[in-house]
Amino acid sequence: MGRSSKDKRDIYYRLAKEEGWRARSAFKLLQLDEEFSLFKGVRRAVDLCAAPGSWSQVLSRKLRGKKEESEDVKIVAVDLQAMAPLPGVTQIQGDITKITTAQEIIRHFEGQPADLVVCDGAPDVTGLHDVDEYIQAQLLLAALNITTHVLKPGGTFVAKIFRGKDVTLLYSQLKVFFSGVTCAKPRSSRNSSIEAFVVCENYSPPEGYVPNMSNPLLDHCYDVDFNQLEGPNRIIVPFLACGDLSAFDSDRTYPLQLDPSKEYRYTPPTQPPIRPPYQQACHLRKNNLLAKEDSPSVPLDGAFSALHL
Ligand code: SAM
């Protein structure tokens, strides 16, 4: 592609360069703010998955507008990648799925919670739609997890979401923590893309909820004894024993002749496996070809193919 062809094709790409934004995504956050007034009264903000930094630029310019206002504004940007410095933005090079990253953010805010958390996180796209949607959903849940550690009650969380077939499950998970959840598509987000943004307002976790990084897919090193969790943090599903109590007990051994009046007859399996993984070993054993302790072993695959099984 020539140097100017992207300029011709993509107005937001061109505008971003003209206005000094690091990426065209800046317009997505600006347009979300036009609709939802995201930055009103915000003094502490977190930008998750921030590199190369256009959303952090928006936060920096909008929250630190006037000099006298900029003093008490704190912005933290987190990304796996390093990013060039920005005025008033503290960077953490880290993984949003790690509890240590949440702790670092809290340290930076000196124990004060954030008013706003935004996340434009995107994994490297594989091209396999189901896999991409799944990974994106996991990243959003990681962002939600970290948000429950740092956001103040009543605060706002904005995150990129892929509107795939299981998106309603994500909406219901978000609704557990926020009274208002809206799916928004800024003009600058291409119509051809399933990308959209959830704007989650009024953070109000269930009573007694204790933040944890309990998604087992996300942070394996977090030391939680799930059996000790209580209240809304602990999910107990009903356990039901089924079947007649007088039915056979699968842990007991029964005599072969179940009906003493009849002679026992062996019944073969209805459908034996057609190509079981143990077939090769059975064949080798039958033909005495299995490796002996004091003889060189037969290479399994070689023997198998040489015997034309
Ligand atoms: N909002 C950014 C901007 O305006 O410049 C663009 C973000 S870019 C689309 C997605 C970012 O997500 C990448 O920089 C990537 O490194 C980051 N990312 C993906 N997985 C992450 C993770 N587990 N922890 C932190 N950052 C992650």
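Guide: Two strands pair if DSSP finds at least two bridges between them, and helices (H or I, at least four residues) and strands (E, at least two) are DSSP runs numbered from the N terminus. Residues are numbered from 1 along each chain as its sequence is written. This is a predicted model, in which local features need pLDDT of at least 70 and side-chain atom pairs count only at pLDDT 80 or more, while totals for chains, interfaces and linings use all residues.

Visitor: In which sense do S1 and S2 pair, and over how many bridges?

Guide: Within this pairing, Val46 stands opposite Val76 in S2. S1 also pairs with S4, over four bridges and in the parallel sense, and there Asp47 stands opposite Val118. For S1 and S2 the sense is parallel and the number of bridges is five.

Visitor: On S1, which residues make up each of the two covered faces?

Guide: Strand S1 covers residues 44-48, and five of its five residues are buried (a residue is buried if 20 or more other C-beta atoms, placed from the backbone, lie within 10 Å of its own, exposed if 12 or fewer, and partly exposed in between). One face of S1 holds Arg44, Val46 and Leu48, while the other holds Ala45 and Asp47.

Visitor: Which strands stand at the edges of the sheet, and why is one side of each left without a neighbour?

Guide: Seven strands form an open sheet with mixed pairing, in the order S3-S2-S1-S4-S5-S7-S6. Each edge strand has a single partner strand, so one side of it has no neighbour in the sheet; these strands are S3 and S6 (178-184).

Visitor: In S7, which residue is the bridge partner of Phe178?

Guide: S6 and S7, the latter spanning residues 195-203, pair in the antiparallel sense over six bridges. In this pair of strands, the partner of Phe178 is Tyr203.

Visitor: At about what angle does helix H3 run to S7?

Guide: Helix H3 (residues 26-36) lies across S4, S5, S6 and S7. Angles run from 0 to 180 degrees between N-to-C directions, and axes are lines fitted to C-alpha atoms, for helices over the stretch in contact. Between H3 and S7 the angle is about 45°.

Visitor: Which residues come nearest to the ligand?

Guide: The shell around the ligand has 22 residues, where a residue is near a molecule if its C-beta atom, placed from the backbone, lies within 6 Å of it. Helix H4 (54-63) and strand S2 (74-79) each supply at least two residues of this shell. The residues that come nearest are Ser25, Cys49, Ala51, Ser54 and Asp120.

Visitor: Is Asp120 buried or exposed?

Guide: Asp120, found in the loop between S4 (114-119) and helix H7 (129-150), is one of the residues at which an unreviewed UniProt entry places a "binding site"; such annotations may be inferred rather than shown by experiment, and their positions are given in the numbering used here, with feature names shortened. Not counting residues up to four places away in sequence, Asp120 touches Ser25, Cys49, Trp55 and Lys160, where contact means that two C-beta atoms, placed from the backbone, lie within 7 Å. Because 22 other C-beta atoms lie within 10 Å, Asp120 counts as buried.

Visitor: How many other C-beta atoms lie within 10 Å of Lys160?

Guide: The unreviewed UniProt entry lists Lys160 for "active site", and this residue lies in strand S5 (residues 151-162). Leaving aside neighbours within four places in sequence, its contacts include Cys119, Asp120 and Glu195. Lys160 is buried, and the number of other C-beta atoms within 10 Å is 21.

Visitor: Is Asp95 buried or partly exposed?

Guide: Asp95 is also among the "binding site" positions of the unreviewed UniProt entry, and is found in the loop between S3 (89-93) and helix H6 (99-108). Leaving aside neighbours within four places in sequence, Asp95 is in contact with Leu80 and Thr101. Because 15 other C-beta atoms lie within 10 Å, Asp95 is partly exposed.

Visitor: What is the omega of the peptide bond from Ala51 to Pro52?

Guide: Most peptide bonds are trans. Pro52 lies in the loop between S1 and H4, and the bond from Ala51 to Pro52 is cis, with omega near 5°.

Visitor: What is the phi of Glu110?

Guide: Most residues other than glycine have a negative phi. Glu110 lies in the loop between H6 and S4, and counts as exposed because it has 8 C-beta neighbours inside 10 Å. Its phi is positive, near 50°.
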